[in-house]
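Hi there,

Here is the structure I promised to pass on to you. Have a look at it first, and then read my notes below.

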Amino acid sequence: MTNPIPIKKDQSVSLMPLSNDRRFGTDGIRGPVDTTMNPLFVTKLGWAAGTILLEEGISRVLIGKDTRISGYMLESALQAGFIASGIDVVLLGPLPTPGVSFLASSNKQAGVIISASHNLFEDNGIKFFNKDGQKISSELEKRIETKLSQEIESVKSIKLGKATRMSDAQGRYIEFCKSNFNNLDLNGLSILLDCAHGATYSVAPKVFEELGAKVTAIGIEPDGININQNCGSTNPDFIREEIIKGGYDLGISFDGDGDRIILVSNTGKILDGDDLLYILSKDINKESGVVGTLMTNKALELYFNQMNIEFCRSDVGDKYVLQKLLEQNWTLGGETSGHIICLDAAQTGDAIVAALKLLNSLKEVSFNVDESVEEFNKFPQTLINLSVNNPNKIILNDKFWSEVTHIESKLEEKGRVLIRPSGTEPIIRIMVESENEKDSEDYANRLADLAFKL
């Protein structure tokens, strides 16, 4: 069901209410380990997914994980479910999400990452990749969900799957990242990396060091519970505070599973995904275009129009960005949150590959991050994440949408309103964008106050 109130072109009001009978969100399945992602459910999920994958001609699945303490437990549970379905399992150990995507693609087998991405350690999740290294389709997700409603029925003993371990998974991924940038010389460049105590903690420093950079890495001491804790791409102030102390040319911050990136200049300026698309778009084929999302800043869209670069928006979620890229036959897309997809180098959002692409582009300005975006002025956005018990109640409320429409009429063509539920948490996201920062804040707060009272 979509919003029944008509809206003006270019004013994005999104939306699909959360479905109570769906397990998959915008990025796999995710939730608290002691409830949603308990080992019994994950075992059944492995069995259900394995059964469907066998129907698709897939006989082996590669399983990676981030650094959460629950990864050990869920790895065993998922492995048991796959084996019960007759699927062979290859354990990769700790590896960034895009590393699993790469290995799935290069081995032409399915891939699974056990991760809750940027969430804290209490949560965990499962993301699935097809044999091309891309997120599985919504159709496959629905088939897996249908299978979950059935009782587990293990295959005969003779058909049970087997488990092995790939000992050099990290090394293979490191070489893949470097292989895309044979002409990138980082000698003399001082980089501060924040690995969020997550899946990039071991591989990211090696990639940049082996390309010649002087690397200082923080967030590289995972203990199972400190992943994303006051660090990483969702907490960029952590790396910013270190950067402004001096001694670095730039900073790069990843999230817990290595598919988001935030760039920080040596003066402490934080660049989000919109800034990164602005930089990367200067190197794309002018016959191509760029995919953003409903959250992409209006100023970036206007810039693309001025430069005669085609641009379109997808729903929020990197799998929707990827889907739109494939439809358009383009290579560059991303989200404001820092998911950047470069299809000319990787099959999914890859933070390390995106960082290397950015550094390759920044060579033209001697790696001066501030200079690279000095002519790009984004519209002020106010984003409020409102925790609610029932997102559907707000999304379907006539009084709420009447107020949204009223605000849109005030903004006209000089701003946007976006209301959407999180696909992974019981949160309503309220975003207002306009040329005036105070208007953005006032309108967003007005909508949040109303939503809170409903």
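**A lysine in a helix**

Let's begin with Lys44, which belongs to helix α1, the stretch covering residues 39-55. Please keep in mind that this is a predicted model.

What the side chain of Lys44 does reach is backbone oxygen: that of Leu148 at 2.9 Å, and that of Gln150 at 2.8 Å. Leaving aside residues up to four places away in sequence, Lys44 touches Leu148, Ser149, Gln150, Glu151 and Ile152.

His197 is not a glycine, yet its phi is positive, at about 50°. Is His197 buried or exposed? Its relative accessibility is 14%, so it counts as buried.

Asn308 also has a positive phi, near 60°, and is a residue other than glycine. You will find Asn308 in the loop between α9 (298-306) and β13 (310-314). With a relative accessible area of 65%, Asn308 is exposed.

**Aromatic rings**

Now for the rings. The count of aromatic pairs comes to 8. One of them joins Tyr278 and Phe376, with 4.6 Å from centre to centre and 10° between the planes, and this pair is stacked. Tyr278 sits in helix α8 (residues 273-280), while Phe376 is in the loop between α12 (369-372) and β16 (381-387), so the pair ties together parts that are 98 residues apart in sequence. Tyr278 is buried, with a relative accessible area of 4%, and Phe376 counts as buried at 8% relative accessibility.

How are the rings of Phe400 and Trp401 arranged? Their centres are 5.8 Å apart and their planes lie at 80°, so this pair is edge-to-face. Both Phe400 and Trp401 are buried.

Back to Tyr278 and Phe376 for a moment: ring pairs link these two with Tyr303, Phe304 and Phe311 into a cluster.

**A charge over a ring**

One last thing to look for is Lys65, whose charged end sits over the ring of Tyr72, 4.1 Å from the ring centre.

Enjoy exploring!

Best wishes

Note on methods:
Residues numbered from 1 in each chain as written. Predicted model: local features only at pLDDT ≥ 70, side-chain atom pairs only at ≥ 80, totals over all residues. Heavy atoms only, no water. Helix = DSSP H or I, 4+ residues; strand = E, 2+ residues; numbered from the N terminus. Polar contact = N/O pair within 3.5 Å; in protein donor to acceptor, adjacent residues only side chain to side chain. Contact = heavy atoms within 4.5 Å. Buried < 20%, exposed > 50% of the residue type's maximum accessible area, 1.4 Å probe, protein only. Phe/Tyr/Trp six-rings, centres within 6.5 Å; stacked < 30°, edge-to-face > 60°. Lys NZ or Arg CZ within 6 Å of the ring centre and 35° of its normal.
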